Amino acid sequence: MAIDTDLIKAHGAAIKGLGTQITVYFYEYMFSHFPEVRKMFPDTMTTQQERLFNSLVFITSNIDNPSALVPYLERLGEGHLKYNTRPEHYEVVGVSLMKTLEHFLGPAWTPDVSASWSEAYNLAAKVMIEASSRAMDPARFTPLFVNGIPAGV
Ligand code: HEM
């Protein structure tokens, strides 16, 4: 099934209209249901709520524009290495995001809508995870030289 880009864009506009209450709810949901990730985030979440909100607006409004979206997600995924984000964390974020959308969309959250969002999220997460994995590729390691001499010689 292809991603329903019109639907994701329409919901992106709805997210934009709701403002950061959507990311406030998201983090409250995630921290209460998956308390193990709380320590990864700062004590005060105001800035992060705004950053994630802006990111969701950017991703949803560019869902049909891969030439802007893919490099953005690759940079974001690589940047998440410094937060110790692991592939399994994406499930935690994905579930919390789906629950947040369900909460705000109410009766508009149908099984088809849920399937479309899962598909879009899985693709975004895959691009982020693959970029972080490439950034950690052992092939990028340059053997160590000290004063022009290979280390250990
Ligand atoms: C599609 C999935 C995700 C999106 C769109 C997203 C988006 C963002 C954005 C925009 C930031 C702001 C800083 C930056 O640009 O690097 C950020 C920071 C952060 N994200 Fe994510 N993220 C995602 C997945 C995850 C996952 C799976 C985790 C792990 C639980 C995570 C943990 C964090 C942490 C710990 C920070 C830094 C908070 C801080 O120190 O201020 N993110 N994320």
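For the classification used here, Ala, Val, Leu, Ile, Met, Phe, Trp, Tyr, Cys and Pro count as nonpolar, Asp, Glu, Lys and Arg as charged, and the others, Gly among them, as polar. On that basis the residues of the shell around the ligand divide into 13 nonpolar, six polar and one charged. The structure is a predicted model, in which local features need pLDDT of at least 70, side-chain atom pairs count only at pLDDT 80 or more, and totals for chains, interfaces and linings use all residues. Residues are numbered from 1 along each chain as its sequence is written.

The ligand is surrounded by 20 residues, where a residue is near a molecule if its C-beta atom, placed from the backbone, lies within 6 Å of it. Arg-51, Ser-55, Tyr-83, His-89 and Val-93 are the closest. At least two residues of the shell come from each of α3 (46–61), α4 (66–79), α5 (89–105) and α6 (111–135).

## Overall architecture

The chain contains six helices and two strands, defined as DSSP runs numbered from the N terminus (helices: H or I, at least four residues; strands: E, at least two). Their order from the N terminus is α-α-α-α-α-α-β-β. The C-alpha trace spans about 70 × 35 × 25 Å along its principal axes.

Of the 153 residues in the chain, 16% are buried, that is, with 20 or more other C-beta atoms within 10 Å of their own, the C-beta atoms being placed from the backbone. Two residues are in contact if their C-beta atoms, likewise placed from the backbone, lie within 7 Å. Among contacts between residues at least 6 apart in sequence, 80% join residues at least 24 apart.

## Helix α3

The expected span of a helix is 1.5 Å times one less than its number of residues. The 16 residues of α3 should therefore span 22 Å, and the distance of 23 Å between its end C-alpha atoms agrees with this.

Phe-53, Leu-56, Ile-59 and Thr-60 are the buried residues of α3. They lie on the same side of α3 because they cover an arc of only 135° around the axis, the arc being that of the directions from the helix axis to the C-beta atoms. These buried residues pack against α1 (5–18), α2 (21–33), α4 and α6.

## Residue Phe-53

Phe-53 is located in helix α3 and is buried because 20 other C-beta atoms lie within 10 Å. Not counting residues up to four places away in sequence, Phe-53 touches Thr-20, Ile-22 and Thr-23. Phe-53 and Ala-139, 86 residues apart in sequence, are separated by 35 Å in space, C-alpha to C-alpha.

Technical notes. A residue is buried if 20 or more other C-beta atoms lie within 10 Å of its own, exposed if 12 or fewer, and partly exposed in between; C-beta atoms are placed from the backbone.
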